[in-house]
Each structure stands twice: as C-alpha cells, then as structure tokens.
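User: Please take a close look at the surroundings of the ligand in this model, and then at the aromatic pairs of the protein. One connected account will do.

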Amino acid sequence: MDTRIFQLDEIDEAAKLIQDGQLVAFPTETVYGLGADATNEKAVKQVYLAKGRPSDNPLIVHICSKDMAEKYAQHIPDDAYKLMDHFWPGSLTMIFKIKPGSLSKTVTGGLKTAAFRFPDCKPTLDLIKKAGRPIVGPSANTSGKPSPTTAQHVYHDLAGKIAGILDNGPTRVGVESTVLDMSGDHPVILRPGAVTKQMIEDVIGSIDVNHHKVGKHETPKAPGMKYKHYAPAAQVYVVDPGTNWDDVVAWIKQQPFDVGMMAEEKILQHEVLPMNASQFSLGNNVQDASARLFDGLREFDDKPNVKAIVCQAFPAEGLGVAYMNRLNKSAGGVHFGQKK
Ligand code: TXA
Ligand code: MG
C-alpha cells in the first residue's frame, strides 16, 4: 500500500478515506494520532494491527464538539462540564462511562468506559467534521516506540501500512494529552500531560493521581503502565538536576560506542564534546524540551552506533511532570551515575 502525504488543502480527501474505513494519521497539538472511523469495527481493528498494539489497551475517541461526546457518554458529571469549558479544545482527555453498545469492544478494550479528546488543532477538527464521525487515535507510532511529533516520524513507522498522513508540521506540545478518569467517584489522573494537576484542581478542587502498577492479566487503567513505552533501542540514562555535566562528558569519552547527548542549549554550549558524542538540543526550557524529547529519542534510534543516550531531567513540576513521566519510561527508570 502506498502511504500518501496530504497537505492541509487536501483534508477532504483524507476525510473520504476515513469514511471508507481506511487508516489516516492526523496531527494534533500533542503528537500525531493514527486515525480510523471509531464506529467502524473493521477499521478500528486495523489500527491495532498497524501499530502492533496489544488489544486490551483501549483507544482515545477524538471528537469535534461536546455533542459528539454526549452521543456516546452515559453520564457526564458537572465537574467534567466545568473542565470542558476551561480546557476544550485542548490537551485534556476525559474518561466517561459509555452507553452500553454505543462503542465497540475493539475501541474500549472491553471496558465500560471510553476516553474522549477534543484536540486544539484546527486541521484535526476539520477532519473529524468532514468525516462526520468520531475518530479513534492512538499515537501513530509502532507500539513501544516514542510517539511521533512530525509526519516524517509517522512515515518512518507506518509507511506501507496506512493509507495516508495529514501533514501539519511539527506538533506544538510534544507530549500526549493528560488522561483524567471522570468515570468513578473521584477524578483521577491516569497520565500527566500539558493540562497539569494544579490547573485541573483550580477548576474542580482536589483530585488524585494514579500510581498503581498494572498486573499481567489486568486491563490497564493507566496508559503505559503495563507495556514498554517510548523506548529507543539504546539505553537511556536520566541525568538528574544538579549532576555535573563534566562528569557525564567524561563518562561518554570512556564508552566504546557512540552516545547521544540530549540537553538544553546552554549545557551543550558549555561542554566540549568527545568524538563519540552526538548532541541533540532540547532548547531553552521545559516547554521546548517536551516538544523535542521524542524527536531526539527517535533521531538516535536511527543511528545503530549510538548505544546509549544521556538525557537531561527537569524538575517534576508543571509541564515537567509530564516530561519526566515520558523520560523515566523511556529510560526504564535508569539514572546516570546510579549504582546497578
Ligand atoms: O495526546 C494524545 O492523547 C494522543 C493524540 C493522538 O490525541 N493520543 C494518544 O493515544 O496518546 P494513546 O492511545 O497512545 O494513549 C491513550 C491512552 C492509552 O494508553 C490507554 O491506555 C488510555 O489512554 N485509555 C484509553 N481509554 C481508556 C479507558 N477507557 N480507561 C482507561 N484508560 C484509557
Ligand atoms: Mg501511545
């Protein structure tokens, strides 16, 4: 199958493919998603196949209006409406109980709930409107690899497996949406994102964060808790705040292979790098770093000689919580200088 790249003036064609039950990757403000008609069971099954995704990991349903969510959700609590007013369109995904039978088991992974997301990206909203139906959209990467933040990343992973990619350039946020479970008695953050705990609490008061580890036979409630995530082939080392980068550079020099170094501009400019180091700039702050993290991990994943990646940590506050969540997962919790 030829994978076509659609420009923004070709959204009609992309929408037609979705209506025909084909897979089309689409941009959002966070990462690129792998789109299919959420009401077409056969098309949704193809999404799992193309990604190599385990079938008990449920999909996000992308919508372009509150009405579209109300069509499937059994009960939307008042607090959720308050959050919609503040954060939709935006990077907050909310989980609601659904009307029985309204969405297929393939979408929900067998759960009685579904995740709804109203992205802050006009081309995506146009695509959903033109397709005239909700669109499922897991991140458009091969399962286990870093999420795609450009159309080229999607092409790298899924060329030949999907009908098209709608290209909107690099995504703005770079880490996936906050997932907030609104289906229980008390709201719980299942995955941190750009809409932070504090921002949510400012609107609806105190909420919880899920730290539960998922068992082998359990359906995951929290994204990325059960399966390997964001992992390039090379071992990633988290370089904690306060680490002396001269020590990191000295360590790189001793390695018999190439090492990727991901750090802020000011650190890269300060260090003299050895021959076996390749650098990737994370920009000037945690916003830049979040937007660039997956791009850097992917760049080094394409270089077989790079067998280790050292990557700068940021304080886990505000957007830093989401950044550190993704970085820690890609590193499997391994820190630079840590005794094994
Ligand atoms: O920013 C994003 O959310 C991106 C863009 C494309 O919209 N999408 C994305 O989808 O990250 P995905 O499938 O890679 O991550 C969604 C996560 C899944 O890992 C899944 O475990 C969780 O949300 N999820 C979906 N439905 C759920 C449900 N009913 N209950 C609990 N978790 C759910
Ligand atoms: Mg994903």
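This is a predicted model: local features need pLDDT of at least 70, side-chain atom pairs count only at pLDDT 80 or more; totals for chains, interfaces and linings use all residues.

Analyst: The side chain of Asn57 places an N or O atom 2.6 Å from an oxygen atom of ligand 1. The protein covers 98% of the accessible area of ligand 1, which on its own amounts to 670 Å². For Ser177, the distance from an N or O atom of the side chain to an oxygen atom of ligand 1 is 2.6 Å. For Ser139, the corresponding distance to an oxygen atom of ligand 1 is 3.0 Å.

The shell as a whole comes next. Ligand 1 is surrounded by 25 residues, and the closest are Thr30, Asn57, His62, Arg117 and Ser177. By residue class, the shell around ligand 1 holds 12 nonpolar, 8 polar and 5 charged residues. In terms of secondary structure, at least two shell residues come from each of strand 4 (60-62), strand 6 (113-117) and strand 10 (188-191). Strand 6 contributes the most, with 4 residues of the shell around ligand 1.

Over the whole structure, a search finds 6 aromatic pairs. One of them joins Phe96 and Phe116. Their rings are 5.9 Å apart, centre to centre, with 25° between the planes; the pair counts as stacked because planes under 30 degrees apart are classed that way. Phe96 belongs to strand 5 (residues 92-97) and Phe116 to strand 6. The two residues are 20 residues apart, and the pair thus links distant parts of the chain. Phe96 has a relative accessible area of 0%, so Phe96 is classed as buried. Phe116 likewise has a relative accessible area of 0% and is buried.

A pair with another geometry is formed by Phe314 and Tyr323. The ring centres of Phe314 and Tyr323 are 5.2 Å apart and the planes stand at 90°, so this pair is edge-to-face. Phe314 and Tyr323 are both buried.

To return to the ligand: the side chains of Asn57, Ser139 and Ser177 each supply an N or O atom for a polar contact with an oxygen atom of ligand 1.

Terms used: Residues are numbered from 1 along each chain as its sequence is written. Chains are lettered from A and ligands numbered from 1 in the order in which they are written. Side-chain values use heavy atoms; hydrogens and water are left out. A residue is near a molecule or strand if one of its heavy atoms lies within 4 Å of it. A polar contact is a pair of N or O atoms within 3.5 Å; within protein, one must be able to donate a hydrogen and the other to accept it, and residues adjacent in sequence count only if both atoms are side-chain atoms. Accessible areas come from the Shrake-Rupley method with a 1.4 Å probe; for residues, only the protein chains shown count as cover. Ala, Val, Leu, Ile, Met, Phe, Trp, Tyr, Cys and Pro count as nonpolar, Asp, Glu, Lys and Arg as charged, and the others, Gly among them, as polar. Rings of Phe, Tyr and Trp (its six-membered ring) pair if their centres lie within 6.5 Å; planes under 30 degrees apart count as stacked, over 60 as edge-to-face and the rest as tilted. Buried means under 20% relative accessible area, exposed over 50%, partly exposed in between (1.4 Å probe, protein chains only).
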